[in-house]
Amino acid sequence: MHYTVAFETLGCRLNQAETAHLHRSFMEKGYAVAENSAQADLCVVNTCALTSQAASKCRRRIRSILRANPDACIAAVGCYAQTDTEVLRAIEGIDYIIGTADKMDLASIIPEPAKLPEAVVVTRRMPRDGFSVAGTGYYPSHTRANIKIQEGCDFVCSFCIIPTSRGPARSRDFDDILRETRALVAEGHREIILTGINLGTYRDRDKGLVELIEAQSRIEGLERIRMSSIEPTTIDERLFDYMSGGAPEEYDVGRGGPKLCPYLHISLQSGDDGVLEAMRRRYTAREFEDFVELFLGRVPGAGMGTDVMVGFPGEDDEAFERTYELVSRIPFTHIHVFSFSARKGTAAYLMKNKVPAAAIAERSERMHELGEEKKEAYYSRCIGTNVRVLFEERETSGYFVGFTDNYVKVGAKHAGGLSNRFGDVAIRECVRSGPANALLAAGDLIKIERAAGDLVDIERGAESAAEAINKP
Ligand code: SF4
């Protein structure tokens with residue numbers, strides 16, 4: 001009997017990395033992957049517990065799967081299963097509730113996808129030890145692949161549930177990461193994203209993030225390494241050398257030069273020292289700004305993303321304005337705005353001085369607008385230049401899109417298949433495109449890769465990449 005499985009992933013990039021492993025582990029057990037949850041024998045929901053909204057989204061998704069496919073076996077796994085086990089147990093129809101420590105073993109926990117009279121619940125305390133991850137993540141429709149290198153966090157910021165949902169900080173075995181990196185490259189992935197909760201704390205014996213990136217940079221066929229979000233106080237400045245191409249000789253990464261993309265996602269959260277202290281962040285606004293100055297001085301032109309939380313308890317108008325001014329001054333290129341919502345189980349849940357919902361909504365809107373302005377300013381700097389892009393997919397708008405190393409989304413209208421190829425694009429304009437009306441630096445494809453590292457000119461009028469590549 002061949003069963004089918006569907007996955008729904010909520011929340012962060014680390015959840016995506018973990019779903020990719022679950023995907024492969026069920027395929028290896030003979031499951032086929034269903035188009036959607038309504039057609040699957042087994043539905044796995046990889047949950048998120050970060051905010052109250054995320055928690056309620058998990059419950060909505062599970063209920064909607066139960067309505068659409070009442071005979072399916074349902075497994076709720078991960079953060080929300082860990083933090084709110086009893087809430088999930090009260091939803092009739094869930095068959096497995098598996099917490100963070102055991103979710104990667106789901107394929108062995110479920111003997112076959114059957115409805116159960118009551119849910120099997122596995123929510124152990126999280127271990128403190130380092131770990132390995134069996135197998136290789138499966139990314140059938142993505143050119144980029146995530147690699148989990150770290151788990152959990154010891155920082156205990158007052159708004160964050162992660163230390164409860166994912167446990168203490170621990171790191172993946174160094175050689176195991178290299179094994180998976182090689183396997184992903186052998187499957188054709190040319191760009192990987194190092195993923196974790198508190199990435200900068202990665203350490204396996206005497207090796208940290210710098211040694212890991214150095215070792216990965218030596219893997220032939222791997223062209224780009226990105227880091228996902230990283231705490232500003234944990235960044236080893238030697239990483240800047242890898243981003244800027246100025247890695248000193250002792251860090252020589254060999255063929256292909258530096259592969260670490262010049263992009264940092266560093267969470268600011270607030271630009272007000274009082275709020276930062278109440279959040280238990282480990283820097284002041286001044287220290288954050290000094291760090292940015294140092295980073296951009298060493299890696300000019302780098303992209304830089306951040307998270308800003310508005311409406312944290314005690315954030316009065318002046319505190320918000322200080323944040324707004326700081327964000328205006330810093331040349332962020334991507335800003336994620338979060339509205340504070342009290343999350344049960346965190347210190348901030350009990351804090352007084354809650355900000356009224358209307359003020360949070362207004363601050364969120366202003367910060368979003370500022371974020372869009374800053375992104376547009378950064379994208380506009382590409383107009384009139386030629387940029388190198390690793391293409392990913394064709395969007396319904398007709399643009400074939402991909403990203404530069406500093407994380408500018410670029411689109412070129414071209415008939416040929418460009419997926420997973422590098423190309424050079426002459427940027428003409430910035431446009432809004434796709435269902436999300438997202439910003440795109442748009443232009444003409446002027447070079448396309450014929451073989452790895454070998455880019456050929458596209459002749460004017462060439463209809464497709466294949467045509468250009470095949471020209472003698
Ligand atoms: S650093 Fe703070 S916000 Fe980030 S995961 Fe750890 S506790 Fe949460």
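Me: Two strands count as paired if DSSP finds at least two bridges between them. In this predicted model, what makes strand 18 and strand 19 a pair?

Reply: Strand 18 (residues 399–403) is joined to strand 19 by 5 bridges. Because at least two bridges are required, strand 18 and strand 19 are paired, and they run antiparallel. Phe403 stands opposite Lys409 in strand 19. The hairpin of these two strands has 5 residues between them, and Tyr407 takes a positive phi near 70° there.

Me: What makes strand 19 and strand 21 a pair, and in which sense do they run?

Reply: DSSP bridges again decide the matter: 3 of them join strand 19 to strand 21. The requirement is at least two, so the strands are paired, and their sense is parallel. Val410 stands opposite Ala441 in strand 21.

Me: Why is strand 19 described as largely enclosed by the rest of the structure?

Reply: A residue is buried if 20 or more other C-beta atoms lie within 10 Å of its own. In strand 19 (residues 409–413), 4 of the 5 residues are buried, and the strand is therefore largely enclosed by the rest of the structure.

Me: Why is Val387 called partly exposed, and neither buried nor exposed?

Reply: Val387 has 19 other C-beta atoms within 10 Å. Buried requires 20 or more and exposed 12 or fewer, so a residue in between is partly exposed. Val387 is therefore partly exposed. This residue lies in strand 17 (residues 386–394). Beyond four places in sequence, Val387 touches Cys382, Thr404, Val408, Val410, Val425 and Ile427.

Me: How do you know that strand 21 and strand 22 are paired, and what lies between them?

Reply: Strand 21 (residues 438–451) and strand 22 (residues 454–457) share 4 bridges in the antiparallel sense. With at least two bridges needed, they are a pair. Ile448 has Val456 of strand 22 as its bridge partner. The two strands form a hairpin with 2 residues between them, and Gly453 in the turn has a positive phi of about 80°.

Me: What makes strand 2 and strand 6 the edges of their sheet?

Reply: The sheet is open, with 6 strands in the order 2-1-3-4-5-6 and parallel pairing. Strand 2 (32–33) and strand 6 (120–122) each have a single partner strand, so one side of each is left without a neighbour in the sheet. Elsewhere in the order, strand 1 (residues 4–9) is joined to strand 3 (residues 42–47) by 5 bridges, with Val44 in strand 3 as the bridge partner of Phe7.

Technical notes: Residues are numbered from 1 along each chain as its sequence is written. This is a predicted model: local features need pLDDT of at least 70, side-chain atom pairs count only at pLDDT 80 or more; totals for chains, interfaces and linings use all residues. Two residues are in contact if their C-beta atoms, placed from the backbone, lie within 7 Å.
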